[in-house]
Amino acid sequence: MPDIIDFLKTRRSVKPREMSGPGPSSAELETILTIGARVPDHGKLAPWRFIIFEGDARKRAGNVIATVFARKNPDAPVEDIEAQKHKLTEAPLVIGVVSIIKPHPKIPPWEQELSAGASCMNIVSTATAMGYGANWLTGWMAYDRDVLEGLGLAANERLAGFIHIGGKPDKVIEDRPRPELKDLVTRF
């Protein structure tokens, strides 16, 4: 148990631009997704699904993102449009976690959204435990309906996040400042 606690106390996100290849094997990806689906899920609704972006699929998704960006930002410099093409290409693997609200008389949407968030965190933690760098990101494209439609999401689906996974960098990953418990905890 102490190893798990130490792991959770020291887990850090890795910037996708600092990740290297290769990404997880097929068997490792299956484990990551299996654990990603093993989260609190009131009513057993599975209010999430996964989209895998690897290989050329990352470039195709980048083209969708850049096309929408260019259309909505007609005065954007060419460099900015080109940068959008690479939003999902820095890490060798990106997992899109899609949140799906399923109508239910007892389980509110909020609980279903939290379940999708828990799935994101399980994916990040599992990939990190396997020795990979991982980062849960969103960005403007995670909220843009045209991008989401271009990536295959239905009108009733939202993107909980893009989980970037790749090799850890050779350098030490600096921790960011963490909140002080004294600023977060009250007693009733």
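## Two helices packed together

Helix 2 (residues 26-36) packs against helix 5 (residues 109-129) at an angle of about 145°, and their axes are 8 Å apart. Helices here are DSSP runs (H or I, at least four residues) and strands are E runs of at least two, numbered from the N terminus. Axes are lines fitted to C-alpha atoms over the stretch in contact, with angles from 0 to 180 degrees between N-to-C directions.

Helix 2 brings Ile32, Ile35 and Gly36 to the contact, while helix 5 brings Ser119, Asn122, Ile123, Thr126 and Ala127; contact means heavy atoms within 4.5 Å.

This is a predicted model, where local features need pLDDT of at least 70, side-chain atom pairs count only at pLDDT 80 or more, and totals for chains, interfaces and linings use all residues. Residues are numbered from 1 along each chain as its sequence is written, and side-chain values use heavy atoms, leaving out hydrogens and water.

## A closer look at Thr126

Threonine 126 lies in helix 5 and is buried, with a relative accessible area of 10% (buried means under 20%, using a 1.4 Å probe and protein chains only). Leaving aside neighbours within four places in sequence, threonine 126 touches Ile32 and Ile35.

## The nonpolar core

The largest nonpolar core has 18 residues, and Ile32, Ile123 and Ala127 are among those with the most contacts inside it. Such a core is a set of buried Ala, Val, Leu, Ile, Met, Phe, Trp, Tyr and Cys residues joined through side-chain atoms within 4.5 Å. Helix 5 supplies the largest share of this core, five residues.

How values were computed. Buried means under 20% relative accessible area, exposed over 50%, partly exposed in between (1.4 Å probe, protein chains only).
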